[in-house]
Amino acid sequence: MNNRFLLPLETFYKFEKTRKNEVYFRQPLNGSLQTYTWGDVGKQVRQMAAHLQSMALPPGSHIAIMSKNCAHWIMADLAIWMAGHVSVPLYPNLTAATIRQILEHSESKLLFVGKLDGFAAMKPGIPGGLPCITLPYGIQDYPDWNEVISDVKPLRASPSRNREELATIIYTSGTTGKPKGVMHNFGAMSYAMTHYLMLVPINEQDHLFSYLPLSHVAERLLVELGSLYTGATISFVESLDTFARDLKEASPTIFLGVPRIWTKFQLGILEKLPQKKLNLLLSIPIVRGLIQRKLKKALGFRRLRFAFSGAAAMPSTLLDWYQKIGIGIGEAYSMTENFAYSHLGLASERKSGFVGKALPHVEIKISNQGEILAKSACTMVGYYKDPEMTADMIRDGFLHTGDKGSTDAQGYLKITGRVKELFKTSKGKYVAPAPIENGLSQNENIDQVCIVGSGLPGPIALISLSQIGKAKEQRLITEEFKALMSQVNPGLDAHEQVKKVVVVKEVWGVENDFLTPTLKIKRAMIEEAYGKNFERWYTENGSVIVI
């Protein structure tokens, strides 16, 4: 690892001095906008760091942050590092049981509690006796950040951290079981961000928009570290209800969205401007540019320079659609375990069906089983308190991703499914659900889809409807899903073809444990909830069942 790369605190100290009076954070709150300069942030961080040091916790203690994205989330993270400790971010939508499991497993000595919905249901998950500090956003159950630092003198020193020191423990969202604590040091953070900036030239004039959980590695890298390493400004979203307003007001130059967000943007446009009319307008050269500018402005992207999608596969048709309206979207492929440093496909180098090429100094191998193996300087230190799982995940220096894939002659990577998600039909044929789900999920009627079929003659598609789908009559939904099957199945091998579509009543969400905090389906939970009905549904008459 190159020792010339600055570490996160070192870059913060630099901008704290050189951009002291420049706005760093823009925080909407209760209808008004609060701004914080780099100097403001530096003062508050140094005051909180001094308070943390006054608690005389053992060096390298684990301190948790549980909050929606806000200015003080990043301030808390910086204060934890500056005080010589390790940050443990928690998703802001966890159940009480998961909160307790993470706080106890991580042996956290303190918890910062911030912007949260439904905190009353979450609070029982906080172990009794664990000290807590609330960020200044409404929750009044514990000492408030502003009160805590009001009489504290800012830390005068600028403590350095070693690149081999543990910086954070990121608990995975747990699609298959209990969350695992992924340990990363400061060196991995420095290496990842420094090399990304060689490909994506973010600078101090750029404007970042923070709304995806900072507890997720992608947002942590692009937004938090992206700002720390470039001096860029961050605008935060106040709430889900104000998202559209806040996005337009911020008008970011860099934007990261998961496929679900990009789909919602698309559906919002098509509700006002049907596809047929949009196609006509875009086909007229003299009108095309005007329409593209208006759509960008309507979305809040009038200043957009770089757009990315990550966390899950984005359908090629959706990428094509955005390209037509003048928004090129790059794709990233990575894991929490390699600090989001693996593959990047810039919009200008996009190859349909592929996620991009390996980032600099990432070594990729495809195992005999088709699994993607990755090696880089950003590979995790290991799973906290789980050496056996660490040894299983990292072998001969290579991270075993669990994803199946292949590379072409130019080095572009294609994801073809999950190694562990393969299931065998009663005919002895293996089915990879992910590619089938990706094909179906492009339909506007679908919010979430899960392909099942272990022990059945063929696959079943379980579908949770989108708002558009819910607004349609059952007869129309049945007809449209029959048509969808006829479109998707011809492109699949015979044993992979969807034999039945089942539309479920439930909304799959984080709160009922069907989705992870990053909005990925929990296959095991879905199969447990509906599994007793699979055989009956498969043998029922009709190819589409609405329950």
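Is Glu540 buried, partly exposed or exposed? In this predicted model, where local features need pLDDT of at least 70, side-chain atom pairs count only at pLDDT 80 or more, and totals for chains, interfaces and linings use all residues, Glu540 is partly exposed, with a relative accessible area of 29%. Residues are numbered from 1 along each chain as its sequence is written, and side-chain values use heavy atoms, with hydrogens and water left out. Buried means under 20% relative accessible area, exposed over 50%, and partly exposed in between (1.4 Å probe, protein chains only).

Glu540 and Arg536 meet through their side chains in a salt bridge (3.0 Å, N to O); the term stands for a side-chain nitrogen of Lys or Arg within 4 Å of a carboxyl oxygen of Asp or Glu. Arg536 is also partly exposed, at 43%. In total, the structure holds 24 salt bridges. Another of these joins the side chains of Lys385 and Glu107 (3.6 Å, N to O). Lys385 lies in the loop between strand E18 (382-383) and helix H14 (387-393), and Glu107 in the loop between helix H4 (96-106) and strand E5 (110-113), so this pair ties together parts that are 278 residues apart in sequence. Helices (H or I, at least four residues) and strands (E, at least two) are DSSP runs, numbered from the N terminus. Relative accessibility is 47% for Lys385, which counts as partly exposed, and 40% for Glu107, which falls in that class too. Asp77, Arg220 and Glu224 are linked in a network of salt bridges.

Glu337 is located in the loop between strand E13 (329-333) and strand E14 (343-345). This residue is buried yet has no salt bridge, and the nearest side chain of opposite charge, Lys180, is 5.0 Å away; Lys and Arg count as positive and Asp and Glu as negative, while His and the chain ends are not counted. The side chain of Glu337 does make a polar contact of 2.7 Å with that of Tyr383. A polar contact is a pair of N or O atoms within 3.5 Å; within protein, one must be able to donate a hydrogen and the other to accept it, and residues adjacent in sequence count only if both atoms are side-chain atoms.

Strand E24 (residues 446-452) has six of its seven residues buried, so E24 is largely enclosed by the rest of the structure. E24 pairs with strand E25 (residues 460-465) in the antiparallel sense over six bridges, where pairing requires that DSSP finds at least two bridges between two strands. Ala461 in E25 is the bridge partner of Ile451.
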